[in-house]
Amino acid sequence: MGNYYLYKVGQFLAVTLPYPISSALVMFLCDLHYSFSKADRQAVENNLKIVLKADHVPQVQVREVFRNFGRYLLEFFTMAKRVGPAFIESNVSIKNIEYLNEVLQKGKGGIVVSAHIGNWELGGAVLPFLGFPLSVVALAHKDPRVNALFNAQRETFGAQVIQTDVAVRRVVEHLHMNRLVAILADRDFGNRGIVMDFWERRTMIPKGAAYFSMKTGVPIIPVFTLRTDHGHFEINVHPPIYPPYLPDGKVTEGIAVDYIQQYLSIIEDEIKKAPSQWLLFREFWQL
């Protein structure tokens, strides 16, 4: 059975079962994944060793990454059912939201940079619900049915989806409409990034957010949605980072690296707050 049908079954169970029951079921399945997928378990452990600067990582912390991924998926599939004014007021705190208003008041849009940490999809639902014009750059799945399934969830609250295969043209269009364009900037999926230091180790880092910013002159605003406790979340909006002045309009790799490093350091700091919420299941520092 293909991934599409697995996702459809998962979505059906998530929205049909009472939330405590579906949550318990998800935790059971995550523990099975942790127990039987040695490759994923080893990749998570090796990533955590570098983040924590430790030779040994407790297995309970490794397992928590698997569980947090399950929580993320369950929350993603039930957002349309659960997220509303009461949920946001009771479960979501937002720090420094004024930075987004500051950028939009200039009328040229902005690039929201985030990472695969916490529940970035929930942040992508809350911001449009609060009235912010948000577009999200999303990786195109091989199966168009999976694309449609995931994008329908993202668009429920007003976000517009830009697929990576048409991102260059569409991102510029959306910025010209004074929209915020969200891009995950911690993992490069196409080997078209820049090799640079991340936790003092060389790895491939995406460059798209920085290049869009430098070519259009709009700032980057780092935004992260971390879970705190008992189903609560904190959305942390960092001050805008404005691109360097390019007298000849050319972006060199050196200029790009210096610019990317400004928000990459912020991504490091956010991951340090909650290492078990960094949801990557392949070894990050492999070139």
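**Figure 1. Helices H10 and H11 are roughly perpendicular to each other in this predicted model.** The axes of H10 (residues 208-216) and H11 (residues 253-273) cross at roughly 110°, and angles of 65 to 115 degrees count as roughly perpendicular. The two axes come within 9 Å. H10 passes H11 in a right-handed crossing. On the H10 side the contact is made by Ala209, Ala210, Tyr211, Ser213 and Met214. On the H11 side Glu253, Ile255, Ala256, Tyr259, Ile260 and Tyr263 take part. By class, nine residues of the contact of H10 with H11 are nonpolar, one is polar and one is charged.

**Figure 2. The buried residues of H10 and what covers them.** Ala209, Ala210, Phe212, Ser213 and Met214 are the buried residues of this helix. The cover over the buried residues of H10 includes strands S2 (110-114), S5 (180-184) and S8 (220-227). Helices H9 (167-176) and H11 are also among the covering elements. After H10 comes Gly217, with a positive phi near 85°.

Figure 3. H3 covers residues 38-52, and its 15 residues should span 21 Å at 1.5 Å a residue. The C-alpha atoms at its ends are 21 Å apart, which agrees with that expectation. Ala43, Val44, Glu45, Asn46, Asn47, Leu48, Ile50 and Val51 are the buried residues of H3. Lys53 follows H3 and has a positive phi, near 55°. Most residues other than glycine have a negative phi.

**Figure 4. The crossing of H3 and H4 is right-handed.** The axes of H3 and H4 come within 10 Å and cross at roughly 115°. That angle makes H3 roughly perpendicular to H4. From H3, the residues in the contact are Asp40, Arg41, Val44, Glu45, Leu48 and Leu52. They meet Gln59, Gln61, Val62, Val65 and Phe66 in H4. The contact of H3 with H4 has six nonpolar, two polar and three charged residues. Val44, Glu45 and Leu48 of H3 take part in this contact and are among the buried residues of H3.

**Figure 5. Trp199 and Glu200 in the loop between S6 and S7.** Strand S6 (194-198) and strand S7 have Trp199 in the loop between them, and Glu200 lies in that loop as well. Trp199 is not a glycine, yet its phi is positive, about 60°. Glu200, also not a glycine, has a positive phi of about 65°. Trp199 counts as buried because its relative accessibility is 5%, and buried means under 20%. Glu200 is exposed, with a relative accessible area of 69%, where the cut-off for exposed is over 50%.

**Figure 6. Gln286, in the segment after H11.** Gln286 has 57% relative accessibility and therefore counts as exposed. In sequence, Gln286 and Arg202 are 84 residues apart. In space, the distance between Gln286 and Arg202 is 8.7 Å, C-alpha to C-alpha.

Terms used
Residues are numbered from 1 along each chain as its sequence is written. This is a predicted model: local features need pLDDT of at least 70, side-chain atom pairs count only at pLDDT 80 or more; totals for chains, interfaces and linings use all residues. Side-chain values use heavy atoms; hydrogens and water are left out. Axes are lines fitted to C-alpha atoms, for helices over the stretch in contact, and angles run from 0 to 180 degrees between N-to-C directions. Helices (H or I, at least four residues) and strands (E, at least two) are DSSP runs, numbered from the N terminus. Angles under 35 degrees count as roughly parallel, over 145 as roughly antiparallel, 65 to 115 as roughly perpendicular and the rest as oblique. A crossing is left-handed if the near helix is turned anticlockwise from the far one by less than a right angle, and right-handed if clockwise. Contact means heavy atoms within 4.5 Å. Ala, Val, Leu, Ile, Met, Phe, Trp, Tyr, Cys and Pro count as nonpolar, Asp, Glu, Lys and Arg as charged, and the others, Gly among them, as polar. The expected span of a helix is 1.5 Å times one less than its number of residues. Buried means under 20% relative accessible area, exposed over 50%, partly exposed in between (1.4 Å probe, protein chains only).
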